[in-house]
Amino acid sequence: MPIGDSIPFVGIRWDDLLFVMLAATLLVSALLVVTLRDIIRCGLSLTVSFASLAGIYVMLGNPLIAATQVLVYIGAISVLILFAIMLTQTKNAPSKLVFQTQVLVAAVAAVFIGGVIIATILTTTWPSGGQRLWTATADVAHLLFHDYVLPFEAVSVLLTAAVVGGVYLARREIGKNEGDKP
Amino acid sequence: MSNSLDSYLVLSALLFAVGSFGFLARRNAISMLMSIELMINAVNLTIVAFGAFVEPLKTHAAVIALIVIAVAAAEATVGLAIIIAIYRNKKTPLVDEYDAMSQ
Amino acid sequence: MNFLIPLIPLLPLAGFALTGLLGRGMGRESHRIAVWAVVASWIVAMIVVVGALTHSLGFGPGGFGVTLWNWIPATGFDAEMGFYVDALTACLLIVVTTIGMLVHIYSIGYMAHDDGKWRFFAYLNLFMFSMLVLVLADNLLLVFAGWELVGLSSYLLIGFWFPRRSAAEAAKKAFLVNRVGDMGFALGIMAVWTQLGTLNLQQVFAKIATVPHEWQIAIALLIFCGAVGKSAQFPLHVWLPDAMEGPTPVSALIHAATMVNAGVYLVARCNPIFGTAPEVMAIVAAIGIFTAILAASIAFTQTDIKRVLAYSTLSQLGYMFAALGVGAWTAAIFHLMSHGFFKGLLFLGSGSVIHSVDGEQDMRKMGGLAKKIPITYATMLIGSVAIAGVPPLAGFFSKDEILGGAFKNGFLWVWGIGFVVAGMTAFYMFRLMGMTFWGESRVDPEKEHHIHESPRTMTRPLVLLAIPAVFLGMVIGFPPESGLLHQWLAPIFEHTIAASGRTEAAYTFFGIDGALAVVTTALVAGAIVVAWRLFGVNIPALGLNAEPRLDRVREISKQPAMAALYRGSSHKWWFDDLNNLLFVVWGGKLAAAVFWFDRTIIDGTVNGIGTVTTGAGTALRRVQTGRVQNYALGIAFGLIAMAVGYILIAVR
């Protein structure tokens, strides 16, 4: 049974409700990322924010990007971050101080940044159509491998370099730790 | 609300502000990196939002967003590798301690 | 004549250059070039003098001008290197070259044992060159150049024995005090230039009447300033006694016969300028006669034989300026010439005395030298008689003309003071003679055995100088006021004398002039007798014999009034102490204050800028924390700033 456009009796459109919920999740989890003391919890709430972001991408008619977001961000980057947290854990409990000494200044700066961008956004008339459009994957593929093939190849080189660099940077010194094989 | 470009852009601006606050205020280096990821995601959201509302940009936005994700992944890799390397040297992930270049 | 006139100063210049370059290697013979240069210059000068005074050899009634080249060819300012010779120049040339030559010959003997002999003769030649340039110059700028060069040579010669501290300081003092006068002279030259547009002397004299009266007074006063410095009048007289630190030939040449006469020559040469400003002439007379009595009073108590002569020079120079001031121009030049000869004689004689007692200059340690150094004694006696003004020697004629001129031109106060000074002069000169030559010998016993007459190179000039000391007055000054000198110099001074409205009354021997002469001679005779009674005399030829009574002198000087005068006189009336207090002590404090200001405030400011810079650098260093988060904050702020900036620009 097709549901109507808006919630009965309340008059709020379903789209808006979905948007608000996803936006709220995103913002709350983002705030948790930057304010929680325990860093593993930060990592997990980062994962939650990635997920809500994927949902928003779907709302914006781009399931391809949503899928890529889930695969890459949640599947690879979050895992990577959690591994790094594990590797750099100190023996002590999470330190008492969460923020640095410049936290207040940083807050002011962040508010300023946000304020400036929002002011710019609200005062500009965007050439928007007013309707969310649906992006076809075939078109994306066509564009990717015809007009954007150079950035595509460059990104593949970049990923290779990143992998090599990451492996090199993070490896242990030969012979420094006992019982290690090079 | 969900049909207006402005709301998505405002959302992304807020996300960017949160990310920059975290980047400037957290002590742990990995927290800073997580905040960077937040900021990159905010930018990505902006790109996709534009692609959804502005007809000529539809597919271009998707391609650009894809590439941004790939680059972000590479950057996260290398950044974490560096943090792990520094952790090996300094034994602490807190950026307060990384002041070898101070005067 | 075009060739001969520039030759006069050029010969000593060449002598200076050659002796300076080659003298050191010539050793004992280093004087030859210098002496021959001056002798040659004397010969040429005498030829020129004969021509100038007798209007022959190319000279006309006016002067003879020689322009060598255009020295400073600037638009709006012209100065030439030129010489001008007329009768006044000729009179000066006689004095300068003759005494210069005799001093050079004297120095051969006096400096025979000095290692720096070559330097001495080089400086002497430099001095001759400078003085001749000064005398021969035809424009004020060249006079000033010669003026300064003379001052420099004086400095070099006074401080000749510079390892001795007092000599070095005396040279410095002479130069600095001269400088004060030279500043006035320079300002006067500038005034002449701005008012008249030319520095050529003859042109200046032609146009001086067109200048406003205040400017005439100013120019005359400033030129007189220079003369005060160079001729050591009050208040710039303090350098001359100290200048006796130099060797005696230097004292004879520079400080008796030539350099100090430069001031008198300048005023006489500029007589048209002074003629337009009678007020300044009164000042000249006042300063001159005041210096005369001041110096004479100090000479009473000095014990160094050269100091007595130095103060005597000051006193006689005062006479000359007094003569210039009252309008007796020719009398001043006459006194200049006769004084040059007998003061030169007296100085060279004193040098001979010092040489004979092995360097002792204190008269209290001399005495009874008459029989041991006869030639020196005889010539010095002649010199003393001449300076005292006993007729018929030169001093009588010249001094009498001055006093007569003062009286007849209405300056009775000048005459009165000059009259007293004549008596004082006779007294202190015979005090000198008594303490040096007569009475018991108070010489150091060790030196007594060595007392000997000086070598011929030193005694010949003495004899040669004694001749004009005796005869000059009679030759050129007699009959008084119409003799040869007056005939020669009349054309130079007649315009000024006519302009002042006074006519030179004829000399009446049985009238006022004769009376004045008799009165003066009587005073002089009386003073000489008093001096004999106190300090002794022994002239067998005239049957004069009296024992010195120095104890009586002490009694007199202990009486209350005399004691105060004695103390003042022996302290040179505390002028040196006054100068010391004003300039050395207070000037030193002022200099210290300015030094403090310079060091603390000015240097402090400059160093402060450096300190501020380094401080700012140190403070700004703290931005470089090395911490990434601080840098990130910086980036964030930069981002905000740029964004806001863009928005503001876009909104406008």
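**Entry 1: a helix pair in chain C**

I started with helix α17 (residues 394-408) and helix α18 (residues 412-437) of chain C, whose axes come within 7 Å and cross at roughly 155 degrees. Since angles over 145 degrees count as roughly antiparallel, I can call α17(C) roughly antiparallel to α18(C). I also looked up the handedness, and α17(C) passes α18(C) in a left-handed crossing.

Which residues make this contact? From α17(C) I listed C:Lys399, C:Ile402, C:Leu403, C:Ala406 and C:Phe407. From α18(C) I listed C:Leu412, C:Val414, C:Trp415, C:Gly418, C:Phe419 and C:Ala422. Sorted by class, the contact has nine nonpolar, one polar and one charged residues.

A reminder to myself: this is a predicted model, and I read every value here as computed from it.

**Entry 2: the cores**

Next I looked for nonpolar cores. The largest has 210 residues, and the members that touch the most others are C:Ile223, C:Ala322, C:Ala332 and C:Ala469. I picked C:Ala322 and asked what it is in contact with, leaving aside its neighbours within four places in sequence. My list reads C:Ala285, C:Gly288, C:Ile289, C:Ala292, C:Ile402, C:Ala406, C:Val414 and C:Gly418.

Another core lies apart from the largest one. This other core has 78 residues, among them A:Ile39, A:Ile77, B:Ile30 and B:Ala76.

**Entry 3: chain A**

I turned to chain A and found six helices and zero strands. From the N terminus on, its elements run α-α-α-α-α-α. Of its 182 residues, 24% are buried. I also checked contacts with a separation of 6 or more, and residues 24 or more positions apart account for 48% of those in chain A.

Helix α1 (residues 14-35) and helix α2 (residues 39-59) of chain A pack at an angle of about 155 degrees, with their axes 8 Å apart. That angle makes α1(A) roughly antiparallel to α2(A). The crossing of α1(A) past α2(A) is left-handed. On the α1(A) side, the contact includes A:Leu18, A:Phe19 and A:Leu22. On the α2(A) side, I noted A:Cys42, A:Ser45 and A:Leu46, among others. By class, this contact has 13 nonpolar, six polar and no charged residues.

Chain B has three helices and zero strands, in the pattern α-α-α along the sequence. Of its 103 residues, 62% count as buried. Among its contacts between residues at least 6 apart in sequence, 51% join residues at least 24 apart.

How many residues of chain B are in contact with chain A? I found 63 residues of chain B in contact with 77 residues of chain A. On the chain B side, the elements giving two or more residues are α1 (5-25), α2 (29-53) and α3 (58-90). The largest share, 23 residues, comes from α3(B). That side divides into 43 nonpolar, 13 polar and seven charged residues.

**Entry 4: single residues**

I ended with a few backbone details. B:Lys91 has a phi near 65 degrees, a positive value in a residue other than glycine. I found B:Lys91 in the segment after α3 of chain B. Is B:Lys91 buried or exposed? B:Lys91 counts as exposed, because it has 11 C-beta neighbours inside 10 Å.

C:Ala232 is not a glycine either, and its phi is positive at about 55 degrees. C:Ala232 sits in the loop between α8 and α9 of chain C. With 29 C-beta neighbours inside 10 Å, C:Ala232 counts as buried. C:Pro235 lies in the loop between α8 (213-230) and α9 (239-242) of chain C. The peptide bond from C:Phe234 to C:Pro235 is cis, with omega near 0 degrees.

My last stop was C:His339, in helix α15 (residues 329-356) of chain C. C:His339 is buried, because 29 other C-beta atoms lie within 10 Å. C:His339 and C:Leu317 are 22 residues apart in sequence, and 8.8 Å apart in space from C-alpha to C-alpha.

Notes
Residues are numbered from 1 along each chain as its sequence is written. Chains are lettered from A and ligands numbered from 1 in the order in which they are written. This is a predicted model: local features need pLDDT of at least 70, side-chain atom pairs count only at pLDDT 80 or more; totals for chains, interfaces and linings use all residues. Helices (H or I, at least four residues) and strands (E, at least two) are DSSP runs, numbered from the N terminus. A residue is buried if 20 or more other C-beta atoms lie within 10 Å of its own, exposed if 12 or fewer, and partly exposed in between; C-beta atoms are placed from the backbone. Two residues are in contact if their C-beta atoms, placed from the backbone, lie within 7 Å. Ala, Val, Leu, Ile, Met, Phe, Trp, Tyr, Cys and Pro count as nonpolar, Asp, Glu, Lys and Arg as charged, and the others, Gly among them, as polar. A nonpolar core is a set of buried Ala, Val, Leu, Ile, Met, Phe, Trp, Tyr and Cys residues joined through C-beta atoms within 7 Å. Axes are lines fitted to C-alpha atoms, for helices over the stretch in contact, and angles run from 0 to 180 degrees between N-to-C directions. Angles under 35 degrees count as roughly parallel, over 145 as roughly antiparallel, 65 to 115 as roughly perpendicular and the rest as oblique. A crossing is left-handed if the near helix is turned anticlockwise from the far one by less than a right angle, and right-handed if clockwise.
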